[in-house]
Amino acid sequence: MKISRLITYVIFIASLIVSCGKCEHKEISPSQIFLLSDEEIVKLEKSSLKGSGEAAFELWKHYGVDRGDSDADKSNYWLKIAARNGHVIAQYNLAFSLFYEEPQNIPEAKYWARKAALQGDKDAVELLKDIEANEKSK
């Protein structure tokens, strides 16, 4: 399982825990949570391209969960848009993915980890330390 998919599942489980008290208990699959209608996709795309990190993050989840590799490019695209739009979790996930899955992109991973760390993300602070330690060891 790719790291980015693992992160998506962790976010999914966390969202279920947070929202559990607010909804009726029915069985649903993880992919159903993130499936969007065509109308919702169009709205989110417009909002994302106008600067909404949250909308782009929703699109990342939509294309990234149980959708197979055919949507990996779309998923990565929206993750980058969400990060550029200031979404701290997207910044961290992008840094994590770049660092562990694309070692040739260490400088970019460091950039995004720093951006997330500056927004107070404690995991990003630790990731930034790992990235910097990796750079020093080379």
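**Reading the model through W78**

Trainee: Which residues is W78 in contact with, leaving aside its neighbours within four places in sequence?
Mentor: Contact means heavy atoms within 4.5 Å, and by that rule W78 is in contact with E45, S48, L49, A56, L59, W60 and Y63, once its neighbours within four places in sequence are left aside. Keep in mind that this is a predicted model, in which local features need pLDDT of at least 70 and side-chain atom pairs count only at pLDDT 80 or more, while totals for chains, interfaces and linings use all residues. Residues are numbered from 1 along each chain as its sequence is written, and side-chain values use heavy atoms, with hydrogens and water left out.

Trainee: Which residues have the most contacts inside the largest nonpolar core?
Mentor: In soluble globular proteins, nonpolar side chains tend to be buried together. A nonpolar core is here a set of buried Ala, Val, Leu, Ile, Met, Phe, Trp, Tyr and Cys residues joined through side-chain atoms within 4.5 Å, where buried means under 20% relative accessible area, exposed over 50% and partly exposed in between, with a 1.4 Å probe and protein chains only. The largest such core has 31 residues, and L59, W78, L127 and I131 are those with the most contacts inside it. Helices α3 (38–49), α4 (53–64), α5 (72–84), α6 (88–101), α7 (106–118) and α8 (122–137) each supply at least two of its residues, and α6 gives the most, with 7 residues.

Trainee: How many helices and strands are there in the protein?
Mentor: Helices (H or I, at least four residues) and strands (E, at least two) are DSSP runs, numbered from the N terminus; on that basis the protein has 8 helices and 0 strands.

Trainee: What do the buried residues of α5 pack against?
Mentor: The buried residues of α5 are S75, W78, L79, I81, A82 and A83, and they pack against α3, α4, α6 and α7. Just after α5, G86 takes a positive phi of about 90 degrees.

Trainee: How many aromatic pairs does the count come to?
Mentor: A pair of aromatic rings is described by the distance of the centres and the angle of the planes. Rings of Phe, Tyr and Trp (its six-membered ring) pair if their centres lie within 6.5 Å, and planes under 30 degrees apart count as stacked, over 60 as edge-to-face and the rest as tilted; the count comes to 6 aromatic pairs. F96 and Y100 form a tilted pair, 4.6 Å centre to centre with 50 degrees between the planes, and, being 4 residues apart in helix α6, they are separated by about one helical turn. At 17% relative accessibility F96 counts as buried, whereas Y100, at 41%, counts as partly exposed.

Trainee: Which element has the lowest mean pLDDT?
Mentor: Where pLDDT is low, the predicted coordinates should not be read in detail. pLDDT is the predictor's confidence in each residue, from 0 to 100, and among the elements helix α1 (residues 3–19) has the lowest mean (51) and α7 the highest (96). Over residues 16–32 pLDDT stays under 50.
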